[in-house]
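Please look at the sequence and the model first.

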Amino acid sequence: MSPRILPYLLILPVTLFLCLFFLYPFVLVAQQAFTNGVGFTLDNFRDVVGYWKFPISLQNTLLLAAAVVPVQLALALLMATMVSRMERGRDLVLYVWTIPLGISDLAAGIIWLAIFEQSGFLNSMMTGLGIVDQPVNLLSYQNPGMVFLAIALAEIWRATAIMLVIIVAGIGLIPKEYYEAAEVFGASPWQRFLRITLPLLRPSLQTALILRVVLAFEVFAVVAALGGTLFPVLMGEIYAYQFDLQNGRAAAALALIVLGISIAFTLVILRVLRVPKGATI
C-alpha cells in the first residue's frame, strides 16, 4: 500500500462518521431553520427571538453559565493541584471525585431534588434542628433564588469532574524539573502555581473551558428536574418548540442560535487563552 494513501484510509472512518452523524443532520437542521416550506426565509428566527420567553431563557442560561463555570474552574484547579501532589491514594481520590461523570444529567437532577424538595433531606435536617417549624417548599416560584442555587449546585457537583480530568492530565505533562528549579530559587507554592502551572496549563484550560461552556449552554435535564417551568433555559425552549408546540422549524432556528452563541464564546476563549504557535512544554 502506498504511504501516501495510508493516512487517508486511516481517517476515512472518522470522516464518514462525522459526515453521517454531524454534517448531514446539521444540513437538515439548517434547512428547517431557513425555510418555511416554500422558500428561504428568516421568519423562524424572528418568531423565536420575538417570543416573550426568549430573553428570559437567554438571560437564565447566561447567568447559570457565569455562575457555574468560574466556580467549577476554581474547584477543578484546586482539586487537580491536590491530586498531583499526593503520593498515596491518588487514584482512589481521583476515582471518587469523578463518580458524577458516570451519572446522567437527569439522575443528577433527581438526586438534588431529593435534597431540596419539601419532603427532602434539607427540610428534614432543618426541621430536626428546629430551624423551621414545618417543611418549606424551597423550589417554588416564591423562591427563585433558591431554585437558581439548587440548579447551580447540581451542575457544579455533576460537571466539575469534566474539567478536573482534563486539568489533571495537563498538570501531568509539566516537567517536574521546573518546580524543582523554582523551589531552589525560593519560589513559594503560590508563585510556582502562578508562574509555572497556570502558563503551562493554557492548552488544557482552553480545552476544559470550551467544553464546559458549550455544555453549560446545553443544560436541560437538571433544570427540568429542579426548576421545571420556573427556570426557562434555551435548551428547554428548544424542547418545548419541538415536542410541545410541534414547531420543528422554530426549534431548529433556536438550535442554530445556541450554536452561534457557543461558537462566539469559543472564539473568545481561544483568543484570551491563545497559545503561541509552536509553543511546547
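In what order do the elements of the chain run from the N terminus on? They run α-α-α-α-α-α-α-α-α-α-α-α-α. The chain holds 13 helices and zero strands. Helices (H or I, at least four residues) and strands (E, at least two) are DSSP runs, numbered from the N terminus.

This is a predicted model, where local features need pLDDT of at least 70 and side-chain atom pairs count only at pLDDT 80 or more, while totals for chains, interfaces and linings use all residues. Residues are numbered from 1 along each chain as its sequence is written, and side-chain values use heavy atoms, with hydrogens and water left out.

**The chain as a whole**

| Property of the chain | Value |
|---|---|
| Accessible surface (Shrake-Rupley, 1.4 Å probe) | about 16900 Å² |
| Distance between the centres of positive and negative side chains | 13 Å |

Carbon and sulfur atoms own 68% of the accessible surface. The charge count is 16 positive (Lys and Arg) and 14 negative (Asp and Glu) side chains. Each charge is placed at NZ of Lys, CZ of Arg, CG of Asp or CD of Glu.

Of the 281 residues, 37% are buried, meaning under 20% relative accessible area with a 1.4 Å probe, protein chains only. Contact means heavy atoms within 4.5 Å. Among contacts in the chain with a separation of 6 or more, 71% join residues 24 or more positions apart.

**One residue up close**

N123 sits in helix α6, residues 121-128. N123 is buried, because its relative accessible area is 1%. Leaving out residues up to four places away in sequence, N123 touches I115, F116, E117, Q118, P135, V136 and L138.

Technical notes:
Buried < 20%, exposed > 50% of the residue type's maximum accessible area, 1.4 Å probe, protein only.
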